[in-house]
Amino acid sequence: MSLQNTLKQNINKTQQLQPILPECVNLSTKPHSFCPGCGHPIVLNALGSVIDKLGIKNETVFLIDIGCSLLAWNYFDVDTTQTHHGRTIPVATGFKRANPNSIVIAYLGDGGGYAIGLQHLIHATLRNEAITTIIVNNLNYGMTGGQMAPTTISDQPETTTAPLGRDRKYHGNPINGPEMLNNLGIENQFIARSAVNNPIQLQMTIQRAIMHQIDNKGFSFVEALSYCPTNWKTNAQETIQSLEKFKKYYPNFEDTHKIK
Ligand SMILES: Cc1ncc(C[n+]2csc(CCOP(=O)(O)OP(=O)(O)O)c2C)c(N)n1
Ligand code: SF4
């Protein structure tokens, strides 16, 4: 076979290997800028599939935080705004209140949602704001190099600010976000946790959360337990095994409060 034919064949094969991405994804900005093996693109593709399926691309407003979530600023071909660290939920709240017919999605890391922005998360839950919040829980501050986050657990490998891992005596206990919000007991909310190692289930969970908003039922929340091989310092196999281990601390969770 001539070299030209071999090249043609290889190009065809590469084209066949292109992942099938949701239609609302902005292909001109791909490949994306997340690290290889990162869980963010799995969450984003699950969200994109839901946007496609529900046909809400034109109504969707996507709000991203500081942290690795900001690498999603050009991921979709939907209206997107980037906010200060931890301030995505109040910006989303303001946008939804001013534009009640829009579908507003706040997308942030566990540092943004459970540390610097925790007050906003709790108060948005208490006020039952009709937005959907997705927190990507990778158990550390990803973008800044893997510092300890509120979600870092005791038998996790070292973080840069806690080289021996979380010592509960000094650092306190890790946070279980969905369980905590659920315990606030506010009526008519959708609160869930899913994980990137089950993308179909994650997609269905995100879909139920967004349907909750579309049906004007109030606050909806999904924590997506996610991979961060760069800061976990794990190879592909170890990354998958680590997430399985972390699921013991952060199990799948779903609850919908009924109208009382
Ligand atoms: C007010 C403020 N404080 C601190 C920072 C520095 N900073 C940038 S990203 C980041 C950590 C982000 O971690 P997380 O929210 O968990 O998101 P991830 O990168 O893991 O997705 C920090 C502390 C900042 N940009 N602004
Ligand atoms: S640092 Fe972690 S969360 Fe951030 S892009 Fe890399 S793998 Fe993903």
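Buried residues account for 45% of the 260 residues in this protein, and the model we're looking at is a predicted one. The chain folds into 10 helices and 9 strands. Its radius of gyration is 19 Å, which agrees with the value near 18 Å that a compact globule of 260 residues would have. Laid along the principal axes, the C-alpha atoms fill a box of roughly 70 × 50 × 30 Å.

**The core**

The largest nonpolar core holds 58 residues, and those with the most contacts inside it are Val 43, Leu 63, Tyr 107, Ile 134, Ile 206 and Ala 224. Helix 2 (residues 40–54) gives the most to this core, with 7 residues. Take Val 43 as a way in: setting aside neighbours within four places in sequence, its contacts are Ile 134, Val 136, Val 196, Leu 202, Ala 224 and Ser 226.

Gly 39 sits in the loop between helix 1 (3–17) and helix 2. It counts as buried because 27 C-beta neighbours lie inside 10 Å, and the cut-off for that label is 20 or more. Leaving out neighbours within four places, Gly 39 is in contact with Val 136, Asn 138, Val 196, Ser 226, Tyr 227 and Cys 228. Gly 39 and Leu 202 are 163 residues apart in sequence, yet 12 Å apart in space, C-alpha to C-alpha.

Pro 199 gives another view, this time from helix 8 (residues 199–214). With 17 C-beta neighbours inside 10 Å, Pro 199 counts as partly exposed. It touches Ile 42 and Ala 46, not counting residues up to four places away in sequence. Pro 199 and Gly 165 are 34 residues apart in the chain and 29 Å apart in space, C-alpha to C-alpha.

**Helix 5, a two-sided helix**

Helix 5 (residues 118–126) has His 120, Leu 121, Ala 124 and Thr 125 buried. Looking down the helix axis, these buried residues fall within an arc of 130°, so they line one face of the helix. Over on the other side, Gln 119 and Leu 126 are exposed. What does the buried set of helix 5 pack against? Its partners are helix 3 (88–98), helix 4, strand 4 (132–137) and helix 7 (177–183). Just past the end of helix 5, Asn 128 takes a positive phi of about 55°.

**Two ligand shells**

Around ligand 1 there are 17 residues, the closest being Gly 67, Cys 68, Gly 109, Gly 111 and Gly 142. Helix 4 (residues 110–116) gives the most to this shell, with 3 residues. By class, the ligand 1 shell has 6 nonpolar, 10 polar and 1 charged residues.

Most residues other than glycine have a negative phi, and most peptide bonds are trans.

| Site | Backbone feature | Where |
|---|---|---|
| Lys 30 to Pro 31 | cis peptide bond, omega near 10° | Pro 31 in the loop between helix 1 and helix 2 |
| Leu 139 | positive phi of about 65° | loop between strand 4 and strand 5 (140–141) |
| Lys 233 | positive phi of about 55° | loop between helix 9 and helix 10 (236–246) |

Lys 233, with 13 C-beta neighbours inside 10 Å, counts as partly exposed.

Note on methods. Residues numbered from 1 in each chain as written. Chains lettered and ligands numbered in written order. Predicted model: local features only at pLDDT ≥ 70, side-chain atom pairs only at ≥ 80, totals over all residues. Helix = DSSP H or I, 4+ residues; strand = E, 2+ residues; numbered from the N terminus. Buried ≥ 20, exposed ≤ 12 C-beta atoms within 10 Å, placed from the backbone. Contact = placed C-beta atoms within 7 Å. Near = placed C-beta within 6 Å. Nonpolar A, V, L, I, M, F, W, Y, C, P; charged D, E, K, R; others polar. Arc of directions from axis to C-beta. Core = buried A, V, L, I, M, F, W, Y, C linked by C-beta atoms within 7 Å. Rg over C-alpha atoms; globule rule 2.2 N^0.38 Å.
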